[in-house]
Amino acid sequence: METMISHLPEDKRLQLQRAVDIILATTKPSLLILFGSYARGDWVEELAEDGVHYQYQSDFDLLAVMKNEALALKVERKDSLHNRLIREVKTPTSLIAEDIHFVNRRIAKGQYFYTDILREGFILHNSGEFQLAEPKELNVTERKHLATEDFEHWFGKAHNSSKIVRFCMGEQDFNEAAFNLHQMTERLYAAILLAFTRYKPKTHDLRKLGQRVASIEPQFLSIFPQGAEDEKAKFELLRKAYVSARYQPEFKITQQELEWLLERVQTLQTLTETLCRAKIASYQ
């Protein structure tokens, strides 16, 4: 992996260094690695109509490699760290943490979310305590077969969810429609992540899944714009629907909010099919 980030503009290098300083001051990772769009050089930023806020913006994607699973979980759950990164770093920062043994097992098995990080990533901090494993590269035939199988399964599941959403909306059962729209979105994210990387984290949080997807392909950032407060509020309704729409009677979502969200998820569905099929076809 590279260690120099000279391809980034100066303001991005300064912001990234600030993020690194905050993380190192708060945790003790063995390795801190930049991956995703800022590593590849294809990040995107789109200002909203006010010229001040961002309609959408690529994250700094950082992987903290920890000594063990307990430390990795502690970093993942450290809200004070994530909140400080939000406050003090202008560019959104997505930090994930894994333990060294988990990462090396995945690399040794050719799990290509991690082998792609090895190939494209930049080391921002290295304690020197551990070495990353040598990757086992899957041949393109294996990779294409696995990607096709995963994509067809999860894309089909998303299509099933869309039919349930439409039925529930027709019945005016908006909470049930919101839950199934969440499921449709999560399943589309699963299709993308597995087709591109064969790795999906164990979370139902659409924000975290969306961050992973955007680190793979920045075009997905445009699906849920965040430039206006009402756009943020609608996305939060969808994000919370996994639990709240099922178990909290006070959860409310209107038909108009659902229709806007459904239109965005249908756009996600179209983009998912286009980009995933193109990715699978590239495994030649």
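**Exercises: helices and a sheet**

Helix H10 (residues 229-247) packs with helix H11 (residues 255-281) at an angle of about 85 degrees, and their axes are 10 Å apart. This is a predicted model: local features need pLDDT of at least 70, side-chain atom pairs count only at pLDDT 80 or more, and totals for chains, interfaces and linings use all residues. Residues are numbered from 1 along each chain as its sequence is written, and side-chain values use heavy atoms, without hydrogens and water.

**Exercise 1.** Classify the packing of H10 and H11.

*Solution.* Take the angle of about 85 degrees. Angles run from 0 to 180 degrees between N-to-C directions. The range 65 to 115 counts as roughly perpendicular. H10 and H11 are therefore roughly perpendicular to each other. Next, the contacts (heavy atoms within 4.5 Å). Glu231, Lys234, Phe235, Leu237 and Leu238 of H10 meet Glu257, Trp260, Leu261 and Val265 of H11. Six of the contact residues are nonpolar, none polar and three charged.

**Exercise 2.** Decide whether Ser37 is buried or exposed.

*Solution.* Locate Ser37 in helix H2 (residues 37-40). Its relative accessible area is 1%. Buried means under 20%, exposed over 50%, with a 1.4 Å probe and protein chains only. Ser37 is buried. Beyond four places away in sequence, its contacts include Asp42, Trp43 and Ser215.

**Exercise 3.** Find the edge strands of the four-strand sheet.

*Solution.* Write the order: S5-S4-S1-S6, an open sheet with mixed pairing. Strands pair if DSSP finds at least two bridges between them. S5 (93-99) and S6 (122-126) each have a single partner strand, so they stand at the edges. S1 (residues 31-35) pairs with S6 in the antiparallel sense over four bridges. Ile33 has Ile123 in S6 as its bridge partner.

Conventions: Helices (H or I, at least four residues) and strands (E, at least two) are DSSP runs, numbered from the N terminus. Angles under 35 degrees count as roughly parallel, over 145 as roughly antiparallel, 65 to 115 as roughly perpendicular and the rest as oblique. Ala, Val, Leu, Ile, Met, Phe, Trp, Tyr, Cys and Pro count as nonpolar, Asp, Glu, Lys and Arg as charged, and the others, Gly among them, as polar.
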